[in-house]
Amino acid sequence: MYAPPQSISEPPALVLTARQREVAELIVTGQTLDQAARSISGVDQAIAGIQAGLGVNTVRAMCFRLLALGLLPAPVPCAGPGLDPVTRTAWEALRWDILDVDLVPLAASGGRPDGLQVSAREVTGALDRLTERYATTRHGLIRAGFAHGVLSGDQSVVPPEHDFAAPTPPGVGEWDASPAQRRALALRASGRDTAGCAVADGTTYNAVTGRLTVSKRLAGGVRTHRALIHRALSANVLQRPALHPHPDPSGYEHTVWRHFALDVPDPALASTIGTHTGLGMHIVHRHMSALRKRYRDDCAVIYQGWRHGVLDTATPTNLTCCTDPAPSDAAFGGVR
């Protein structure tokens, strides 16, 4: 998987404003965004500016970079607690700039040093015990991790390879998308609907809708989420998945899949594909239904199309550029 390097040896071109510093100090000490907003106005805007300046998308990674780069004072070192391997691994993983919903399964996938498997429940339990022990949030554990030597400035926020839809850092890609917009795009690409994205990102349905609407404008004025996710991958606003060629990349399914990114209203997609390719509507509907059943959501169909090499930067979102013909009848026994 493509993961742009993020060096922390040189400080970023970021000078915290008075408002950003005030917000950052509260967040690093473990206050939630809602708690900080009760005493300071403009919390969301301040955090978005800090994240963009640091090149990260999550609050956890933001806290880590602020301390690692000396933009906020590091805590006084103290004796490290005795940690079992699972707890240490989970604590260290908090610095990764990965969506919260993907953090636990990725931390669990690394296993124990002795090679034994770790369950997501074990990782979640370890993080819950740490947050209870230190009476803080998961991002508040970043500061405690520095105090106990679990985290240090020579570590990176780049996670190991993974199969989750993930945003690239701010400043990467062809659009100037905010960290919140990038998270919303990654959550949609993972197959969650707008309501599911809001729950996963700890925000509201309207907030996610607004972020995706702005992203559509940045993507060139597309109308559908399908086309938006495709253009985000084309523009490197979303990380492109590692290529795993589809076991049978030819035939009717390939043709239908190849046209899934067309920027037409969802109810018109099947008829548009049929009209443009010449495929019978029963063929189009059958393969569209199979793809939707396999991946649960149209945006996930797009993302998995990139993973399997069906979609790429040459795949159009508008009909004027679309030249892929339907496969020949001979390849399928002459029957459509």
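User: Before we start, what counts as a pocket?

Analyst: A pocket is an open set of grid points with protein on both sides within 12 Å along at least five of seven lines. Keep in mind that this is a predicted model. Here the largest pocket holds about 800 Å³ of space.

User: Which residues lie nearest the centre of the largest pocket?

Analyst: Leu33, Val59, Arg183, Asp201 and Gly202 do, out of 28 residues in the lining. By type, the lining divides into 12 nonpolar, eight polar and eight charged residues. Helix H3 gives the largest share, five residues.

User: Now helices. How do I read which way the residues of a helix point?

Analyst: An α-helix has 3.6 residues a turn, so residues three or four places apart point the same way. Take helix H7: its buried residues are Val123, Gly125, Ala126, Leu127, Leu130 and Thr131.

User: What do the buried residues of H7 pack against?

Analyst: They pack against helix H5 (85-93), helix H6 (100-109) and helix H8 (140-147).

User: Which residues touch the most other members of the largest nonpolar core?

Analyst: Ile27, Leu54, Met62, Leu66, Val123 and Ile142, in a core of 49 residues. Helix H4 supplies the largest share of this core, seven residues. Looking beyond its neighbours within four places in sequence, Ile142 is in contact with residues including Arg60, Cys63, Phe64 and Leu151.

Conventions
Residues numbered from 1 in each chain as written. Predicted model: local features only at pLDDT ≥ 70, side-chain atom pairs only at ≥ 80, totals over all residues. Heavy atoms only, no water. Buried < 20%, exposed > 50% of the residue type's maximum accessible area, 1.4 Å probe, protein only. Helix = DSSP H or I, 4+ residues; strand = E, 2+ residues; numbered from the N terminus. Contact = heavy atoms within 4.5 Å. Core = buried A, V, L, I, M, F, W, Y, C linked by side-chain atoms within 4.5 Å. 1 Å grid on protein atoms, 1.4 Å probe; cavity = no way out; pocket = protein on both sides within 12 Å on 5 of 7 lines; lining within 4 Å. Points joined across faces, edges and corners; volume = space filled by probe spheres on them. Nonpolar A, V, L, I, M, F, W, Y, C, P; charged D, E, K, R; others polar.
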